[in-house]
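Dear colleague,

Please find below the structure that I am handing over to you, together with its sequence. My notes on what was found in it follow directly after.

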Amino acid sequence: MKKDLKCAERCIRFIDESVSCYHAIGNVERRLVESGFTELKEKDEWEIKSGQSYYVKRGGSSLIAFRMPEDDMKGFHMMASHSDSPSFKVKTNPEMTVEDQYLKLNTEGYGGMIYSTWFDRSLSVAGRVVTGSKDGLKEVNVNIEEDLLVIPSLAIHMNRDANKGTEFNPQIDLLPLMGSCEAKGWLAQKLALCAGVQKEEILGEDLFLYVREKGRIAGACQELILAPRLDDLECVYASLEAILEEKPKEYCAMCVIFNNEEVGSHTRQGAASTFLKDTLERIGESIGKTRSDYLRLLADSFMISADNAHALHPNHGEKADPVNRPVLNGGIVIKHHGGQKYTTDGYSEAVMKELCREAGVPFQHYYNRSDIAGGSTLGNISAGQVSVPAVDIGLAQLAMHSAVETGGSADVGYLVEVLKWFCRG
């Protein structure tokens, strides 16, 4: 367990530093550069060499890193995950005054969050701004590292049915309080300070609320992780560790991080975009492969779509499938769905089981209850652009889409190990 705890602690640090999808990609990029990966830009011509490592970004929030084998490659081994998590997005001109006393921010929901978990927590703002000067436009990640905001709940004295189930209106109940009206104009000034520019130079912004609470190891035997954004930064972290630690032998190893999974993936940097397809085609072109050669590479490729899964809930066992009931610290969760919201089939299930056995990692299975609809993820969406055998997996967690989620401290290490084995191919 000691080794697993070390891995879990490193994962928590990564999540703590990744306060927005832009910061997650920035942290991934920093690690890649430190490990000798070379950045490729989509607007430039690519010159790719055997045995070398590269990465390419799109939209500041999606990234594909890959390592070329020393010899002629057989295909692509892809690990896909996503950088975004449900949150509140800050609208333009967000400041709203209340009776000349309070100042709050105008926000809207991003993704399917559990609203009630965001009340009465210390929050702040992070994301990116786009600045303009005589040198052109520049994207800058910003993070106001202060306890800045709170979404105050309504006292039970004013809502006697609060514990009987309450429907929240995001335009009324969920706007965050920033303080008194004395703070008017303060947010724009603080963002400019974070970006190192004058506030007039900020021409565009993508800003989100985030929970200031840090991740931690918990539980009687330190078997739990409590942290924001476990879905899906746990899988981002594991994929990054795997590609940094392993050099591929016969296949191009790829760490693919998409944005916007929580809102359907249909963006220029989402899993439904051409980002992965464009990158694969350009790799093939750069190493001299014909169109037919490229299609043969795809035919011998495989994708592991890694996005967390629901664990058996200790208070609501009735919500789980009667037979397939994954638990925290039970290992890799192979996800299935008869309607193909998950891309796993008999072949890809067998491949994943073999990988787990070779890596010495436990695995378990997840199905929705047949009368409960589930969500979709990256595998089947990306298959619309790149048709390769794929399996959907994840790590078991509780309270998915809560402001703070719960996972198993041993599971992160399990995922790193099996993905390392996959990268060796």
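Two strands are said to pair if DSSP finds at least two bridges between them. Helices (H or I, at least four residues) and strands (E, at least two) are DSSP runs, numbered from the N terminus.

Two remarks on the source come before the findings. This is a predicted model, in which local features need pLDDT of at least 70 and side-chain atom pairs count only at pLDDT 80 or more, while totals for chains, interfaces and linings use all residues. Residues are numbered from 1 along each chain as its sequence is written, and side-chain values use heavy atoms, with hydrogens and water left out.

**Strand β19 and its partners**

Strand β18 (residues 390-398) pairs with β19 in the antiparallel sense, over two bridges. In this pairing, L398 stands opposite T406 of β19. Strand β12 (residues 224-227) also runs antiparallel to β19, and four bridges join β12 to β19. Here T406 is the bridge partner of L226.

Within β19 (residues 405-408), E405 and G407 point one way, T406 and G408 point the other way, and all are buried. Buried means under 20% relative accessible area, exposed means over 50%, and partly exposed lies in between (1.4 Å probe, protein chains only).

**The turn between β18 and β19**

β18 and β19 form a hairpin with six residues between them. Most residues other than glycine have a negative phi, and most peptide bonds are trans. Against that background, two residues of the loop between β18 and β19 deserve mention. A399 lies in this loop and has a positive phi, near 60°. H401, which is not a glycine, has a positive phi of about 75°, and H401 is found in that loop as well. With a relative accessible area of 34%, A399 is partly exposed, whereas H401 counts as buried at 17% relative accessibility.

A further backbone feature is found at D231 and D232, which are joined by a cis peptide bond with omega of about 15°. D232 belongs to helix α4 (residues 230-245).

A396 is placed in strand β18 and is buried, with a relative accessible area of 1%. Contact here means heavy atoms within 4.5 Å. Not counting residues up to four places away in sequence, A396 touches A309, A311, V327, L328, V333, Q364, G407, G408 and D411.

C255 lies in strand β13 (residues 251-258), and C255 is buried with a relative accessible area of 1%. Its contacts, leaving aside neighbours within four places in sequence, are L63, I64, A65, M79, S239, L240 and I243. The C-alpha atoms of C255 and V333 are separated by 19 Å, and these residues are 78 residues apart along the chain.

Where does N368 lie? N368 is in the loop between β17 (363-366) and α8 (378-382). At 11% relative accessibility, N368 counts as buried. The side chains of N368 and Y366 are joined by a polar contact of 2.6 Å. A polar contact is a pair of N or O atoms within 3.5 Å; within protein, one must be able to donate a hydrogen and the other to accept it, and residues adjacent in sequence count only if both atoms are side-chain atoms. Neighbours within four places in sequence aside, N368 is in contact with D321, H337, A373 and G374.

**Helix packing**

Two packed helices are described by the angle between their axes and the distance between the axes. Axes are lines fitted to C-alpha atoms, for helices over the stretch in contact, and angles run from 0 to 180 degrees between N-to-C directions. Angles under 35 degrees count as roughly parallel, over 145 as roughly antiparallel, 65 to 115 as roughly perpendicular and the rest as oblique.

The axes of helix α5 (residues 275-286) and helix α6 (residues 291-299) cross at roughly 120° and come within 10 Å. That angle makes α5 oblique to α6. K277, L280 and E281 of α5 meet R291, Y294 and L298 of α6.

Helix α7 (residues 346-359) packs against helix α9 (residues 411-423) at an angle of about 105°, with their axes 9 Å apart. α7 and α9 are therefore roughly perpendicular to each other. On the α7 side, M352, L355, C356, E358 and A359 meet E417, V418, W421 and F422 in α9.

With kind regards
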